[in-house]
Amino acid sequence: MLAQEIIRAKRDGHALNEAQIQNFVRGLVDGSWSEGQVAALGMAVFLRGMGRDEAVVLTRAMMNSGRVMRWPDMPGPVLDKHSSGGVGDKVSLMLAPMVAACGGYVPMIAGRGLGHTGGTVDKLEAIPGYRVTPPPEDFDRIVRTLGCAIIGQTGDLAPADKRFYATRDVTATVESVPLITASILSKKLAAGLEGLAMDIKCGNGAFCDTREMAQELAESIVAVGSGAGLKVRALITDMNEVLGFDAGNAIEIRETIAYLRGEAREPRLHEVTLALCAEMLVLGGLATDTAAARIKLQAALDSGAAAEKFAKMVAALGGPVDLMDKPDNYLAKASVILPVPASRAGFLQSVSTRDIGLAVVELGGGRRQASDSIDMSVGFSNFRHLGDQLAAGEPIAMVHAADQAAAERAVAVVQKACLLSDEAVAATPIVMGVVG
């Protein structure tokens, strides 16, 4: 079977059969498909699309292109969550221990920052000693004994997707709903999950900047996941402002600790975390409905059980045993902290959230290239939210920077990104829709 004939079939708008898709995925792994051929098929799919059945076959083939985790004799359901990415999105850090405290098992394999969005693995690396790539046997043991472990992606899970995504990234074919769907689900299926909650971010700080695109991606992931044998529910959630109070690696770990300890729970962050956790408990049969799930989850927070799970996970993966009690002893602090004064009195009407994410990167808290190192201390804290009323000069946020010049540049970016008006704006629900 010739690669060029498979490319020709998709170029001409035909559905690919299982043999053709399997040939492509084998070629991704063994190198029998050249970079030019991989790029050509990616562009053909981008332009011609891919049906649900094709996407299911591609997902399963990429899942089986490497190691597939198995969790035999697990005493509870194996569950996970995935987000399409946002600014200040630290939900995974709270969610995994919360679900574990309610009887779920969460083998979370997370990613690094991409573009203007932060990455869970980068945030965890702000914790001294935390191992994001433990040996497989350690990962298995920690998940089984504690109920959760959050680690980085490994090369032996869905290697076909890794190569295909790298090619798509440099050939302007990332924004293909069926290919995004297959990329996400192949890795999640390879992790041996029984249920998956998807968080599709929608807004000016998200990959899906329109409700229509978010709905299309949510429906695709639910349909293809179901076709591949995985129970999936997708929430479409608002990303038109920073999620929570903070954005930046060590800063978000501090916010996570404060959240789990009950010291500060920003309402929108709390709502989206509870909503995703509740879907996971229902998918895993740990609650009859989301209302019952929320009661269990709140009890896990209030009792300190979720905080204890997080503390034990951090220690098991090499981090400090007393991080929860003494975070300032371990988490990096910026040299310069400056307020971002409101340029006028008024209500915070809109935020260009993507620009805030890019400002974190400019401060050194993200990567322009994969080889870049990260300054864990920088970012923003105490961000105000849409609808908040501010006096002239009152801080919109606090900038954490390595030096005065960088801090002043970030102040100017935030001031430009935040629009104040005389009229109060109505609050947008954080959960905009549910699919599945």
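## Strands around β7

Let's start with a strand that has two partners: β7 pairs with strand β9 (residues 389-390) in the antiparallel sense, over 2 bridges. Within this pairing, G346 stands opposite L390 in β9. Keep in mind as you look around that this is a predicted model.

β7 is also joined to β11, by 4 bridges, and these two strands run antiparallel. Here L348 has L420 in β11 as its bridge partner. As background, strands of a sheet pair through backbone hydrogen bonds, either parallel or antiparallel.

## A four-stranded open sheet

Elsewhere you will find an open sheet of 4 strands, with mixed pairing and the order β1-β4-β5-β12. Its edge strands are β1 (79-83) and β12, each of which pairs on one side only. On average, neighbouring strands of this sheet are turned by 20° against each other, direction ignored.

To see one of the pairings in detail, follow strand β5 (residues 231-238): 4 bridges join β5 to β12, and the two run antiparallel. A234 is the residue that stands opposite V435 in β12.

Helix α9 (residues 177-190) lies across β1 and β4 (195-202), and runs at about 155° to β1.

Now turn to helix α5 (residues 91-101) and helix α11 (residues 249-260), whose axes come within 9 Å and cross at roughly 35°. The crossing of α5 past α11 is right-handed.

Which residues meet here? On the α5 side they are L93, M94, P97 and M98, and on the α11 side I253, T256, Y259 and L260. The residues of this contact between α5 and α11 divide into 7 nonpolar, 1 polar and no charged.

## Salt bridges

Side chains of opposite charge can pair when their charged atoms come close. How many salt bridges does a search of the whole structure find? The search finds 27 salt bridges.

One of them brings together the side chains of E54 and K10, at 2.9 Å from N to O. E54 lies in helix α4 (residues 52-63) and K10 in helix α1 (residues 3-11), so this pair ties together parts that are 44 residues apart in sequence. Are these two residues buried or exposed? Both E54 and K10 are buried.

## Two more pairs to look for

The side chains of K201 and D199 meet in another salt bridge, 2.8 Å from N to O. Both K201 and D199 are buried. Salt bridges that share partners join D89, D199 and K201 into one network.

D422 and R344 also form a salt bridge, with their closest N and O atoms 2.3 Å apart. This pair links distant parts of the chain, 78 residues apart. D422 sits in the loop between β11 (418-421) and β12 (431-435), while R344 sits in the loop between β6 (336-341) and β7 (346-351). D422 has 59% relative accessibility and so counts as exposed, whereas R344, at 32%, counts as partly exposed.

Notes. Residues are numbered from 1 along each chain as its sequence is written. This is a predicted model: local features need pLDDT of at least 70, side-chain atom pairs count only at pLDDT 80 or more; totals for chains, interfaces and linings use all residues. Side-chain values use heavy atoms; hydrogens and water are left out. A salt bridge is a side-chain nitrogen of Lys or Arg within 4 Å of a carboxyl oxygen of Asp or Glu. Buried means under 20% relative accessible area, exposed over 50%, partly exposed in between (1.4 Å probe, protein chains only). Axes are lines fitted to C-alpha atoms, for helices over the stretch in contact, and angles run from 0 to 180 degrees between N-to-C directions. A crossing is left-handed if the near helix is turned anticlockwise from the far one by less than a right angle, and right-handed if clockwise. Contact means heavy atoms within 4.5 Å. Ala, Val, Leu, Ile, Met, Phe, Trp, Tyr, Cys and Pro count as nonpolar, Asp, Glu, Lys and Arg as charged, and the others, Gly among them, as polar. Two strands pair if DSSP finds at least two bridges between them.
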